[in-house]
Amino acid sequence: MKAILLAAGRGTRIARNVERVPKSTLPVDGVPLIRRSVQLLQEEGLECIVCSGYEEGKIRDALAGLDRITYCYNPFYDITNSIASIWFARQEMDDDLLVLNADVFFSKEILEQVMSDPRDPVMAIDYSRTVEGDYFFYTSLDGRIEKYGKGLPIEQRNCEYVGMAKIGKAFLPKFITRMEELVSHQKHSIWWENILYSFTDNKEEDIYTVDVGGRFWAEIDYFDDYARIIDYVAKQKETK
């Protein structure tokens, strides 16, 4: 299995708190978040592909000394979204994929849960979070995505998206074809996840979800998200 980490974005919402620092390189217990993530992935035997863009040198510095990393650079990071970044990694899409946003803090338990889920494709979600968050789904009883959106009305959401998905090798040709179609139609301002969402619009394919079961995770959109991670890690150290 390969892991594609999306780390090209500028992170405009947190930019006022961190000066020209990619949010995925913010330190967690003294280790850049993206370095922590890559080490977790490599421990599970995944080959890592990092899609960089904004302040690429700082991304590489955060990962200095780690082997078996392939870099794919999005030179248009300032005028495109993550679908363009993952498009630049298309040559690496030849095996089961784990795709994740590089600003997500996750545990080994969450990673193993997503990797071991037999359904394809499957996106990580948290049923315990429906009020505050960034991106929400409404799923069927068996976990299929039926509605999605940042602005999904609160009465139409039953979980938050975690920022990680697994795409099996069997589904990959459909994923790549749809990605190419969207990019060829100049849909370069959408998220990479919209490739998967597009299959649900006309019920073409089932896109499944796996609940992380209340385990701690956080995606850094605002400084408060980063502060939650730091607080969680500090408390975990206190209990050891």
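Helices, here runs of at least four residues in the DSSP assignment, are numbered from the N terminus, and the views below are all taken from a predicted model.

**View 1. Helix α1 and the glycine that follows.** Helix α1, which spans residues 33–43, is mostly covered, since eight of its eleven residues are buried. Among these buried residues are Leu33, Ile34, Val38, Leu40 and Leu41, and Arg35, Ser37 and Gln42 also belong to the set. After α1 comes Gly45, whose phi is positive, near 90°.

**View 2. The nonpolar cores.** The largest nonpolar core holds 32 residues, and those with the most contacts inside it are Ile4, Ile86, Met123, Phe137, Phe175 and Trp192. Among the elements that give two or more residues to this core are strands β1 (2–7) and β11 (159–167) and helices α5 (172–184) and α6 (193–201), with α5 giving the most, five residues. A second, separate core has 31 residues, including Leu5, Ala7, Ile59 and Val104.

**View 3. The salt bridge between Lys23 and Asp221.** The closest N and O atoms of Lys23 and Asp221 are 3.8 Å apart. Lys23 lies in the loop between β1 and β2 and Asp221 in the loop between β13 and α7, so the pair ties together parts that are 198 residues apart in sequence. Lys23 counts as buried at 16% relative accessibility, and Asp221 is buried too, at 7%.

**View 4. The salt bridge between Asp134 and Lys150.** The side chains of Asp134 and Lys150 meet at 2.6 Å, N to O, and the pair links loops that are 16 residues apart in the chain. Asp134 counts as buried, at 18% relative accessibility, whereas Lys150 is partly exposed, at 32%.

Notes. Residues are numbered from 1 along each chain as its sequence is written. This is a predicted model: local features need pLDDT of at least 70, side-chain atom pairs count only at pLDDT 80 or more; totals for chains, interfaces and linings use all residues. Side-chain values use heavy atoms; hydrogens and water are left out. A nonpolar core is a set of buried Ala, Val, Leu, Ile, Met, Phe, Trp, Tyr and Cys residues joined through side-chain atoms within 4.5 Å. Buried means under 20% relative accessible area, exposed over 50%, partly exposed in between (1.4 Å probe, protein chains only). A salt bridge is a side-chain nitrogen of Lys or Arg within 4 Å of a carboxyl oxygen of Asp or Glu.
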